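Work through the exercises below with the sequence and the 3D view at hand. Try each task before you read its solution.

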Amino acid sequence: MRSMRVFGAAAAMALTMPAMVSTANAYELVIPSLDYRTGPYAPNGIPFANGYYDYLTMLNERDGGIEGVKIKIVQCETAYNTKQGVECYEKTKNTEPSRALVYQPLSTGITYQIIPKASVDKIPVHSMGYGRTSAANGKVFEWIFNFPATYWDQAAVFLKYIGEKEGGMDKLKGKKIALVYHNSAYGKEPIRTLEKAAEKFGYQLQLLAVDHPGQEQKATWLQIRRERPDWVLMWGWGVMNQVAIKEASSIRYPMDHFLGVWWSGSENDVLPAGEGAHGYLSGAFHAPGDGFPAHDAIKKHVYDKNKGAGDHGRIGEVLYNRGLIAAVYASEAIRNAMAIHKTKDITPEMVRDGYENLDLTEARLTELGLPGFTIPVKITCANHAGPRKVAIQQWDAKAKKWSFVSEFYDTMRDIVDPLIEEDSTGFAKENSITPRDC
Amino acid sequence: MIYREAGQFKTSYFADQAILPVLQDRVFVFAVLAAAFLAVPWFINDYWVNAIFLPFLAYAMAALGLNLLTGYCGQVSLGTGGFMAVGAFAAFKLVTLFPELNFVLVILLSGLITALVGVIFGIPSLRIKGFYLAVATLAAQFFLVWMFNKVGWFFNYNATGQITMPPLEVFGNLVTGPRASPAARYLFCLSFVVVFALVAKNIVRGRVGRAWMAIRDMDIAAELIGIRPLGAKLSAFATSSFYVGMAGALYFAVWLGSAEPIEAFGIEQSFLVLFMIIIGGLGSILGSFLGAAFMVLMPIVLKNFMVDALGVEVVTAKHVEITLMGVLIVFFLIVEPHGLARLWQILKEKLRLWPFPY
């Protein structure tokens, strides 16, 4: 009796399964897109998914795919939920004909879940600036990439920026810095780095957790109002961002001392607070806006043919551009894999080689229609985090625009590198992995 | 016609007390068990095990546990997520502190530890009832999850508060970690669930179960006929938490492999399991399974049907799925307020009279 329902379901699924198997005989490049357009994280999930989808569609429409091989995008809705993410991963990983070539789940929780699985299934995962920080160590994490920078680099860069504004790193001594974070693996990522740096620079760190989904933050901001920290850092996502920025403006916290991670710095996050958000800062690794030739190509080849994933007017938003650059990295890695293995029938294993030898120079970015859009990226066998540079952008509420207010800072290698080493060797030991030589 | 018990005579007390007195039922259940143990492992793959069988088995175990407490003893609990967390963290700590401990023992010990915690949080049930007790167990839910998130010792002081299960073997077969074969993980969970479902069925048929039901139906009357509320209620909390703890350990160790307390064991879990037993049938062992199957499989079936067979856009399918789930729950509760298990029973009664109902 117990399994009767299971078999009932099995029958229903058996009916639906054949539709999953592609009937096309030409080779296609399968790129799964685990997006979330529902739930409390949808405001951030939607623009990213649109950018990712649109760029790949543009390649299909303009060039007939990558080097003439069509891209097959397989969408799966995760709702930013790890269990549904795992279901999506299992469902899409063996999609014919190429199997899933790369996963970019846009969720630290899902990334943690699929790191061990993908390593066994031999599918590369690119957690672009999120996920497990110590995946930067390519010797241990053969299949995982997290360039162009990690959370820990970002925390270090924020301290550099604060030091610069305060007039020198020595001025950090005695300052109070608060971290408002999403109470999950994602939000907790920077804590250790900030604690280590606090020992070195002598500032006082205050940790304020916000529980999922983050709609209720009155108590958090009351505490900030009382303690008046000199700087507030934020690791937020989804609805939490908007609420935090609104609360900060309602207690009149100086916005130019409020610095969000690059997942807390898009139009969706600041617009609800209106004028109050003016001057809010966030991390960034690529330019905002739709003034690049690549955007024109998307408008011409995708939106003019009515194949766009989103709204025409929202092309060029920060998270749209982030989805776009994620797709650029994926397609360049695949192109690279084709060059290395001299074949067009690409498999996930080959894409991993493509990622590991990725060298995206400024000249190549210009060719792709993205001159000056982001920093060049060069990946090696040992370094899966790439350049590890972060810039700061600021919101102008009157012009409704983000703009860079700093150059790209280097991370603090003396603080971050030992932490990466420690965490990745811990992982290697737990999972009995022998680090590669490189 | 096929389902008829005429001619099946019981000639001994033993036959009279059988769990499945009707021959057809016995045949059916053994066929299902044989299929589950012998046939399923042959075709099971990563998708089936991760998306369907393991969630179903883990939640069925949790629903069984909650059903013992809420369905049989009448004590409403909203702390299931918290108790599952206790089981999961107990398993994690046991495995990391004593790596050579047998994994079967780890699951059982996790259940026992959870039972202890359950008894502590069950003490208020002696004074408060109904909604008030629900609120008290809600406190357990929030406190436990908060504690596992806050106290570093529980997650071995790692940077993110995530707990990850190291690969473990049972009788030479890996059952946890990414390299474990789908069949091994499935059979491991299935064995636990089958054995403990049988145990639960027998508990509720015996003295203890009858005491629970007496308390559920009217506690004052139960006291008057000599049932101690203290013993009955606390034993219900202990047994229920034992099951829920094992469910939490299986859920974390075998199915997910890694978990963070707030997402994996949040209040949503408590509600989900409570809905399972309400849909499946309060006070029914079969109901726990039917409810778990309904809540776990229905969304996936709906999604796959809409996206793959009908070609509906992924987002639209998700919205329709959420709506349809709600509609289906309401529908089934209107059709049969006593849950799917009662529906099954009615079906059997109808079958008995078919094709000549009177």
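**Exercise 1.** Find how strand 1 of chain A pairs with strand 2 of chain A, and state how many bridges join them.

*Solution.* Begin with the pairing rule: two strands pair if DSSP finds at least two bridges between them. Strand 1 and strand 2 of chain A are joined by 7 bridges and run parallel. Strands here are DSSP runs (E, at least two residues) and helices are too (H or I, at least four), numbered from the N terminus. Next, pick one pair: Ser33(A) stands opposite Gln75(A) of strand 2.

Now look at the faces. In a regular strand the side chains alternate between the two faces of the sheet. In strand 1 of chain A, Leu29(A), Ile31(A), Ser33(A) and Asp35(A) point one way. Val30(A), Pro32(A) and Leu34(A) point the other way. Last, check the cover: 7 of the 7 residues in strand 1 (residues 29-35) of chain A are buried. A residue is buried if 20 or more other C-beta atoms, placed from the backbone, lie within 10 Å of its own, exposed if 12 or fewer, and partly exposed in between.

**Exercise 2.** Decide how far the model can be trusted, chain by chain.

*Solution.* This is a predicted model: local features need pLDDT of at least 70, side-chain atom pairs count only at pLDDT 80 or more, and totals for chains, interfaces and linings use all residues. Residues are numbered from 1 along each chain as its sequence is written, with chains lettered from A and ligands numbered from 1 in the order in which they are written. pLDDT is the predictor's confidence in each residue, from 0 to 100. Chain A has a mean pLDDT of 91, with 94% of its residues at 70 or more. Chain B has a mean of 93, and 100% of its residues reach 70 or more. For the complex, the predictor gives an ipTM of 0.90 and a pTM of 0.91.

**Exercise 3.** Describe how helix 10 of chain B packs against helix 3 of chain B and against helix 7 of chain B.

*Solution.* Take helix 3 (residues 46-72) first. Its axis lies 7 Å from that of helix 10 (residues 229-256) of chain B, at about 170 degrees. Axes are lines fitted to C-alpha atoms, for helices over the stretch in contact, and angles run from 0 to 180 degrees between N-to-C directions. Helix 3 and helix 10 of chain B are therefore roughly antiparallel (an angle over 145 degrees). Their contact residues divide into 19 nonpolar, 3 polar and no charged.

Now take helix 7 (residues 182-205) of chain B. The angle with helix 10 of chain B is about 170 degrees, and the axes are 11 Å apart. So this pair is roughly antiparallel too. Residues on the helix 7 side include Arg185(B), Phe188(B) and Cys189(B).

**Exercise 4.** Is Val117(B) buried or exposed?

*Solution.* Locate Val117(B) in helix 5 (residues 103-122) of chain B. Count: 22 other C-beta atoms lie within 10 Å, so Val117(B) is buried. Finally, list contacts (C-beta atoms, placed from the backbone, within 7 Å). Beyond four places in sequence, Val117(B) touches Phe83(B), Val86(B) and Ser241(B).

Technical notes. Angles under 35 degrees count as roughly parallel, over 145 as roughly antiparallel, 65 to 115 as roughly perpendicular and the rest as oblique. Ala, Val, Leu, Ile, Met, Phe, Trp, Tyr, Cys and Pro count as nonpolar, Asp, Glu, Lys and Arg as charged, and the others, Gly among them, as polar. Two residues are in contact if their C-beta atoms, placed from the backbone, lie within 7 Å.
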